[in-house]
Amino acid sequence: MPDLGPLWLTLHLALVTTAILLVLGTPISWWLATTTSRLKPAVEAVTALPLVLPPTVLGFYLLVILSPTSFLGGLWVDVTGDALTFSFSGLVVASIFYSLPFMVQPLQSAFETVGRGPMEAAASLRASPLDAFLNVAVPLSARGFLTAAVLTFAHTIGEFGVVLMVGGNIPGRTRVISIAIYEHVETLRYAEAHVLSAGLVAFSFCVLLLIYTFNRRFPVHVG
Amino acid sequence: MSAELLSLRVQLSFPGFDLDVAEELRLDGVTALFGPSGGGKSTLLQTIAGFETPRAGRIALGGEIWFDSEARVNVPAHRRPVGFMFQDARLFGHLGVAGNLAFADKRSRTRAAGFNRGDVIAALDLRPLLDRSIGSLSGGERQRVALARTLLTRPKLLLLDEPLSALDLERKADILPYLEDLPKRFGIPTIYVSHALEEVVRLADRVLVLADGRPQAYGPAAAIVERLDLQPITGRFDAGALVEARVTGQDERLALTHLDLDGETLKMPMVGHLKPGDTIRLRIRARDVALATRRPEGISIRNVLPGAVDDITPEPDTAFAEVYVALRTTRFRARLTRAAVEDLGLTKGTPVFALIKSVTFDRRLI
């Protein structure tokens, strides 16, 4: 029986990343969906960068920025006593950047679909902008939230290059499933590689099946 | 109820469109914003609600300033005490009918108003719809729910943006009585946007005519409808006059309603829900009025009213002339040929009998 540690670590990382990105991505997406600012294309381009950059590029810069000798990395060491590179916290930070577009783009599109109409209606019913956002825009965008969370989660599970650059391969700390599989293959331990790979395929399929089934039953709102 | 003034000074520009309005609207009863599509009616309404921000100007209700470009005041839409009903209802699909009503009710429950949720539901006959989802409602039902939702914000001013324009004729006829009933039942001053003269005639006390982003006329509905110089704007409709008449009785056998107009009796096809003493508004189209210099006999037209010619306006280049006929206090119009005016020797002051076809008084939508 192969060591299942990397599987749990991977799930833990994907869950934490998705949760943090829901909090960070929602305001960014809302701003992008509603702004008339000239900065919008620039911000859109920045949030889409992780889609086009090779993970090694992203990983390289993150490694530089997060290393204990940099300002940010040094500050983290001073505050927490732990380095951001080659640690679980570092992996979370890297995953947040790596998966950002998978949270922002579906949400932005969902918010754009909601549009001005329901928000004006909410304002005419004396709802403050925050009230209208929480009680009208968010529920009307429920499918968008679901899609964004699933894509972010799945994308984080599959990451390899960034993790390797920033986290390395430390069992129990940074050795996620994709890296464990890579190492098994490198060392010609195909049996273990098979178990982990097949497990990941089965797990991913089950998660997606569950969510698409749920999504299909989700009521479509026509206002 | 004392009438408050809505003071409007609004300058607003979109590419290819300028809105420039400076008016004081007296707010009691229903004020119609009337004019052709694209004339700026809805934009003005949205500006009053706070959805559009003028480039310059001032908007104030009584002493409450909602917008003032000089004093840099701009009260956000959700803090203005107005209720806005949208053309497309804009009900929230994730909430049911009851949920939509609760959304409004919850946020305005503490405001003073002479009515509560139950009154509004009763007034709009919504009890059977409360458990329904928004997707299952017909167009007319949606507008009723939207109207109720708007009323539950307990507004000081009700803004209705073409609430009937998305509905077919039959649905319109379903909703109109509810709208007509509003001022009496809830006493909230209303601004009603419409490009349909028939709606304006039925609902409005005063009319602000808006075309090309500018006010063209403002005054009592009856006077505006009568004005010839506005016909390029109102012209798609038949010229006519608005008169008020009092119900004196119902003739069940012949299915007629008897009315008193300036001391004369008018008969029209029965309108069931009227009671003696009710005042109703009638539109008499100029082309439905004929004139005679002697009281005619043996004629099918039932309504013959004695009056006098008040004014004659020949229409150049056509065969026709508009003749104004005065009763004691009201006047209406007849469209005759210029030849008839000459043959009968009509001049100002000539006593005449106006012959009005009963069908003219049909109050359903045309």
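This is a predicted model: local features need pLDDT of at least 70, side-chain atom pairs count only at pLDDT 80 or more; totals for chains, interfaces and linings use all residues.
Me: Why does the radius of gyration of chain B agree with that of a compact globule?

Reply: Chain B has 366 residues, of which 40% are buried, and its C-alpha trace spans about 65 × 50 × 35 Å along the principal axes. A compact globule with 366 residues would have a radius of gyration near 21 Å, and chain B agrees with this because its own value is 23 Å.

Me: Which element gives the largest share of the side of chain B that touches chain A?

Reply: In the contact between the chains, 20 residues of chain B meet 16 residues of chain A. The elements of chain B that give two or more residues to this side are strand 7 (82-85) and helix 2 (97-108). The largest share, four residues, comes from helix 2 of chain B.

Me: At what angle do helix 2 and helix 5 of chain A pack?

Reply: Thr47(A), Ala48(A), Pro50(A) and Leu51(A) in helix 2 meet residues of helix 5 that include Phe97(A) and Leu100(A), and the residues of this contact divide into eight nonpolar, one polar and no charged. Helix 2 of chain A passes helix 5 of chain A in a left-handed crossing. With their axes 7 Å apart, the two helices pack at an angle of about 115°.

Methods. Residues are numbered from 1 along each chain as its sequence is written. Chains are lettered from A and ligands numbered from 1 in the order in which they are written. Two residues are in contact if their C-beta atoms, placed from the backbone, lie within 7 Å. Axes are lines fitted to C-alpha atoms, for helices over the stretch in contact, and angles run from 0 to 180 degrees between N-to-C directions. A crossing is left-handed if the near helix is turned anticlockwise from the far one by less than a right angle, and right-handed if clockwise. Ala, Val, Leu, Ile, Met, Phe, Trp, Tyr, Cys and Pro count as nonpolar, Asp, Glu, Lys and Arg as charged, and the others, Gly among them, as polar. The radius of gyration is taken over C-alpha atoms; the globule rule is 2.2 Å times the number of residues to the power 0.38. A residue is buried if 20 or more other C-beta atoms lie within 10 Å of its own, exposed if 12 or fewer, and partly exposed in between; C-beta atoms are placed from the backbone.
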